[in-house]
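Colleague: Please take one part of this model, examine its backbone closely, and then relate that part to the rest of the chain.

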Amino acid sequence: MTSAHHLPAGKAASGPYAVDVTPESAGWDHSSLRVLELAPGGTHLFTAGDSEWIVTSLGGGCTVTVDDDFGRDEFEVRGRASVFSGASDFVYVPRGATATLTSADGGRFALTGARCSRRLPARYGSAESVPVELRGTGNCSRMVRNFGAAGVFECDKLIAVEVITPGGNWSSYPPHKHDENRPGEESELEEIYYFEIADHEGTPGLGYQRVSPSGHGSGTDVLAEVRGGDVVLIPDGWHGPSIATPGHDMYYLNVMAGPGADRAWLICDHPDHAWIRDTWPSQPVDPRLTLPHSRLRSSGGTTTTPQ
């Protein structure tokens, strides 16, 4: 099954960006994602426009200089070796600002964005401050780094998190949706999935992503084989599972925003599959998910000790 909502690596490239998803290119109103690759000594300037942005590392470090009506701020993003090596620090770039990224050693950086109305101050978030969650158990175990989650880091509209799924596991499961505004129960949010897949002894990996119609919106229907650098756009529908093939850990970056007055991630599980949550308390979390991190909670059925 092919879909305009699956953008294989390179298809969403534009100008300096390996990925450039805008509200206009996605056909929606709020969410954006750019992936920028800088050579050693490279510099890139971008304007925030009518959106707020979080700049984070996919590999390597950079300096982010933000200029706006409040003045100039300079932040050092230490970054990380890769998305599989731990959380990254990050920088919030407000609506209306101009930002310059400079990388002495080169690197790859994600710019997650959302159209917004409030202008908040430029800020830095450390890797150590990122809450890390173990979600699910057994072969539904995954790790969620909630660096830009609602209730964690203040933004006007933007929600951004990243997920690590060990090879052979199912993530974004049970399938869920957030395509209706039902106060206290479900948020209306556009969502971008950006994937990276770990190789095995030099052999590239792959995974699978499913989105099925929910009866709301445009009837989004995707069954995609995803590889490193691929993007899946989810304007509506039940999304999940995200399947990591055995031997190849899967990473995905989620970017969400919507029209609701409240910035919240409220989801509805697919009624045919929600029962899987009841099995989690009887199974251990996948032991491959080690967490050298103090800000930890578990949403599976076991209590996990930081290590």
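Modeller: Glu-201 is found in the loop between β18 (190-197) and β19; strands here are DSSP runs of E with at least two residues, helices are runs of H or I with at least four, and both are numbered from the N terminus. The model is predicted, so local features require pLDDT of at least 70 and side-chain atom pairs count only at pLDDT 80 or more, whereas totals for chains, interfaces and linings use all residues. Residues are numbered from 1 along each chain as its sequence is written, and side-chain values use heavy atoms, with hydrogens and water left out.

The backbone at Glu-201 has a positive phi of about 50°, although the residue is not a glycine. Most residues other than glycine have a negative phi, and most peptide bonds are trans. Glu-201 counts as exposed because its relative accessibility is 75%; the classes are buried under 20% relative accessible area, exposed over 50% and partly exposed in between, computed with a 1.4 Å probe on protein chains only.

Strand β19 (residues 207-212) runs antiparallel to strand β20 (residues 222-226), and 5 bridges join the two; strands are taken to pair if DSSP finds at least two bridges between them. Within this pairing, Tyr-208 has Glu-225 of β20 as its bridge partner. Strand β19 also pairs with strand β22 (residues 238-244), again in the antiparallel sense and over 5 bridges. There, Gln-209 stands opposite Ser-242. In a regular strand the side chains alternate between the two faces of the sheet.

Strand β22 also contains Pro-241. The peptide bond that leads from Gly-240 to Pro-241 is cis, with omega near 5°. Another cis bond joins Tyr-173 to Pro-174, likewise with omega near 5°, and Pro-174 belongs to the loop between β14 (170-171) and β15 (176-177). That loop between β14 and β15 also holds Ser-172, a residue that is not a glycine and yet has a positive phi of about 45°. Ser-172 is buried, because its relative accessibility is 5%, whereas Glu-201 is exposed at 75%.

Charged residues follow in the sequence. Lys-177, Asp-179, Glu-180, Arg-182, Glu-185 and Glu-186 are linked in a network of salt bridges, each salt bridge being a side-chain nitrogen of Lys or Arg within 4 Å of a carboxyl oxygen of Asp or Glu. Side chains of opposite charge can pair when their charged atoms come close. Glu-180 is partly exposed at 22% relative accessible area, while Lys-177 is buried at 4%. A further link joins Glu-186 to Arg-182 at 2.8 Å from N to O; Glu-186 is buried at 1% relative accessibility, and Arg-182 is partly exposed at 26%. The count by this rule comes to 23 salt bridges. Among them is that of Arg-277 with Asp-269, whose closest N and O atoms are 2.6 Å apart; Arg-277 is partly exposed, with a relative accessible area of 31%.

In soluble globular proteins, nonpolar side chains tend to be buried together.

Neighbours within four places aside, the contacts of Leu-158 include Trp-53, Ile-54, Val-255, Met-256 and Arg-263.

Terms used: Contact means heavy atoms within 4.5 Å.
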